[in-house]
Amino acid sequence: LRRNLYVCGLTASAYPGLPKEDPLVLDCDLDCLNRAEFNSAARIEKKITQLRNLLDLAGRLDNEIHLSYSGLDIGELKTNNASSVLFDICRTENRGQITMKDFHRQHVVKVGYFDPEVSASRRLGLAYNEDRKLIPEPVIRRTAISPVDRRTFSPSALETFFECRTRFFLKYLMGIPEPEDYDPELVMSALDQGTLVHSMMEYLADHPDISKADFVALGGEVFNEFLDIAVPAILQKADVVRSVFINMLANGWDMNQLMGRQPLLREEKLRVTHQPSGITISGFPDRVDETEDGKAVIVDFKTESRQDNHRQDDIDSCLQVVLYAYMIENCRQPEVRREVDHCEYWLLKFSTIVSCKYDQDIKDQLAARLDEVRQALESGDFLAGHISEEEARERCRFCRYGSICGKVVEKHD
């Protein structure tokens, strides 16, 4: 943290600004929808509250606070006034014992346009000529919490780490949302499709006696309800998407009947800290089944279009379910915690199950990989250059962070 905080642009015309209604959703409409907190006046008040919170935080950290505004509008050659918020803040600090005249006379320091006084190099030069000792202002350092101790990662986030460290860094550490491609002809995104399929498979777990015909018919109703909300631009394309969606549900029903296991839990949040890496994992397994001998089977539903993304007994392509297996065996809930027999990916588009064992060898491999994550968090090593050029082409093909990380993202149909 630096010692000084500078907040600029606090002229009356710019901050907090004039209330402007959203032309698409007027304030009166927001009031009717009981969403007055989003109207124009509320947005102005939010900006003021944000500034006050910032100043309060800076004050608690013993920062020197500098608030400024441009006294001259050189575009229109007119004088600007200070934002009324500035006067309110000053009056609050002085417990109300201040007038507007006192504010301008005692608390506003005027600096001329392009005045040499604002030049840091001029001040350094004067100090040098006067043979004064220049002592740089130190950065205020506070004890930081280890990134390993304070962060929680989902299995999908850790899976992303091993696919591309840079993408993991941008998405899960920096919090930069992945840009989305806009396709006006898209009927249903992969995310929406996965969400609907998962909700239907959860319903199947709760109603194991439902017939295949009824289950598929219910899925058709759910699909129609989605289209009623998100009407596609080209309705004819919806028939193809519907066919794929219904086929996945039919496959899911068949696979559920084939396995014939009792669900132990579904979409229940688990949180476990892995030892000895110290990585905290949190997530919602799609489903955990119970075998006849009381062991657990991790089940993860996949709606992806590639059948070779997951390989049997391969931790690199089955990392997500292996992480859930660790969480089941080490969670705090005694009614959930139990020995894991194995893990399964249900590839619903292909009516195929890919299994992964969960033995000591897999556990050792998992520990090694999570230790690799810990080392990267502590060292800050998130460069993706450790993969081959061929691997980079494959992994970067559908990644939308290419404009940030510098890699060329190939166009695809």
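Which residues of helix H8 (residues 165–173) are buried? In this predicted model, the buried positions of H8 are Arg165, Thr166, Phe168, Leu170 and Leu173. These buried residues pack against four elements: strand S5 (152–153), helix H7 (155–163), helix H13 (360–379) and helix H15 (402–405). Just after H8, Gly175 adopts a positive phi of about 75 degrees.

A helix pair was examined next. Helix H9 (residues 190–206) packs with helix H10 (residues 212–229) at an angle of about 145 degrees, and their axes lie 11 Å apart. The crossing in which H9 passes H10 is right-handed. On the H9 side, the contact is made by Asp192, Leu196, Met200, Met201, Tyr203 and Leu204. H10 contributes Phe215, Leu218, Gly219, Val222 and Phe226. Sorted by class, the residues in the contact of H9 with H10 comprise 9 nonpolar, 1 polar and 1 charged.

The cysteines were also considered. A disulfide is a covalent bond between the sulfur atoms of two cysteines. The structure contains 0 disulfides. For Cys32, the nearest cysteine sulfur is that of Cys28, 6.2 Å away. A disulfide requires sulfur atoms within 2.5 Å, and Cys32 is in no disulfide. Cys32 counts as exposed because its relative accessibility is 66%, whereas Cys90, with a relative accessible area of 10%, is buried.

How values were computed:
Residues are numbered from 1 along each chain as its sequence is written. This is a predicted model: local features need pLDDT of at least 70, side-chain atom pairs count only at pLDDT 80 or more; totals for chains, interfaces and linings use all residues. Side-chain values use heavy atoms; hydrogens and water are left out. Axes are lines fitted to C-alpha atoms, for helices over the stretch in contact, and angles run from 0 to 180 degrees between N-to-C directions. Helices (H or I, at least four residues) and strands (E, at least two) are DSSP runs, numbered from the N terminus. A crossing is left-handed if the near helix is turned anticlockwise from the far one by less than a right angle, and right-handed if clockwise. Contact means heavy atoms within 4.5 Å. Ala, Val, Leu, Ile, Met, Phe, Trp, Tyr, Cys and Pro count as nonpolar, Asp, Glu, Lys and Arg as charged, and the others, Gly among them, as polar. Buried means under 20% relative accessible area, exposed over 50%, partly exposed in between (1.4 Å probe, protein chains only).
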